[in-house]
Amino acid sequence: MGNNRTPKCQCLGCNNLGVEGMGVRRRGGGRAFLCEYHIRGLESYYTENNNYQGTPKAHRKTIGDEFETDYASKYARLEFMLQGYLPTRDGSINGPEFKSSIMHGKNTLKAFLPTIDALIESGDLRINYDYRNGGRPGSCGTHTHIGHLDLLNVHTMGVVRQYFRQLFQPLSDAMLAEPEKVERIFGRPFVDYAEPLNRWSSWDGHSNFINLQHDNTLEWRLPVYRNTAQYSYCVDVVEAFSDKVFAFCDGCLSRSDAENLKAAKKAAKQMVKVWEKA
């Protein structure tokens, strides 16, 4: 007798076996497979992706992003999940928000960007770029997280929050003075949920362009993905900003208040210089 058994495939999302043809396989004959649930299902908005990808590098920095979409086909979802992203629900956008794993350095992230370009070109991925009037409902961002395994933690972040105004107000003012440059590098202008700092801003404001609510990453909320070249350069810029903050963190727990104030002003000037050269 012939073998009439239906081949089974292991789902990338849940590791359960599914029937080939009942889910989606990667285009081009690849081996990856998603079951019916993981083609459509989304994790909660509050679900974190705490998986690490790669091995720590000498620089000790980490990177990740929250990639908001207007639409993502089953093929787009598969490609993001193959890269270690978690598809989650966000009521402010129409498509999934893909939360990346924690990557050791930016090379892994940058290697994935041409795949994103191809998904956009094929129509499998769509991003809403409507930022009129401070950002229309459904408009998307690509929030970029930069961390440091040694220098950024709950203790040093407490000091960063204490000197929030001294560290980030000069950079905010410099960026606000060059709106075209902001759009060129970050992919969009300041919007209601990625705002420049003003007299009422506080370190725990979730809508600031720099979010300090996490204990181990700096979340740069202003970026949005346009294409490989733009976002790759944007990542370089926010990483350079972050390096100045990490330098401030180095030794901040043992310095006096006066010394930390001086160090914060120094870091702020260095971030402004990065912006001026960008």
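How many residues of strand β12 are buried? I opened the notebook with this one, bearing in mind that the model is predicted.

**Entry 1: strand β12**

I looked up β12, residues 142–148, and found it mostly covered, with seven of its seven residues buried.

**Entry 2: the neighbours of β12**

Next I wanted the pairing partners. Strand β6, residues 61–68, pairs with β12 in the antiparallel sense over seven bridges. As a landmark in this pair I noted G64, whose bridge partner in β12 is H145. Strand β14, residues 217–220, also runs antiparallel to β12, joined to it by four bridges. For that pair my landmark is G147, which stands opposite T217 in β14.

**Entry 3: helices α4 and α7**

I moved on to two helices. At what angle do α4 and α7 pack? The angle between α4 (residues 154–162) and α7 (residues 228–249) is about 105°, and their axes are 10 Å apart. An angle from 65 to 115 degrees counts as roughly perpendicular, so α4 and α7 are roughly perpendicular to each other. From α4, the residues T156, V159 and V160 meet V245, F248 and C249 of α7. By class, this contact has five nonpolar residues, one polar and no charged ones.

**Entry 4: T156**

Is T156 buried or exposed? Buried means under 20% relative accessible area, and T156 has 5% relative accessibility, so T156 counts as buried. Setting aside neighbours within four places in sequence, I found T156 in contact with L151, C249, C252 and L253.

**Entry 5: nonpolar cores**

Last, I checked the cores. In soluble globular proteins, nonpolar side chains tend to be buried together. The largest nonpolar core in this model has 65 residues. Those with the most contacts inside that core are F168, F186, W220 and F241. Helix α7 gives the largest share of this core, with ten residues.

I followed up on F186. Not counting residues up to four places away in sequence, F186 touches M175, L222, P223, V224, Q230, C234, V238, F241 and W275. There is also a second, separate core of nine residues, including C9, C11, F33 and I39.

Note on methods:
Residues numbered from 1 in each chain as written. Predicted model: local features only at pLDDT ≥ 70, side-chain atom pairs only at ≥ 80, totals over all residues. Heavy atoms only, no water. Axes fitted to C-alpha atoms, helices over the stretch in contact; angles between N-to-C directions. Parallel < 35°, antiparallel > 145°, perpendicular 65-115°, else oblique. Contact = heavy atoms within 4.5 Å. Nonpolar A, V, L, I, M, F, W, Y, C, P; charged D, E, K, R; others polar. Buried < 20%, exposed > 50% of the residue type's maximum accessible area, 1.4 Å probe, protein only. Pairing = 2+ DSSP bridges. Core = buried A, V, L, I, M, F, W, Y, C linked by side-chain atoms within 4.5 Å.
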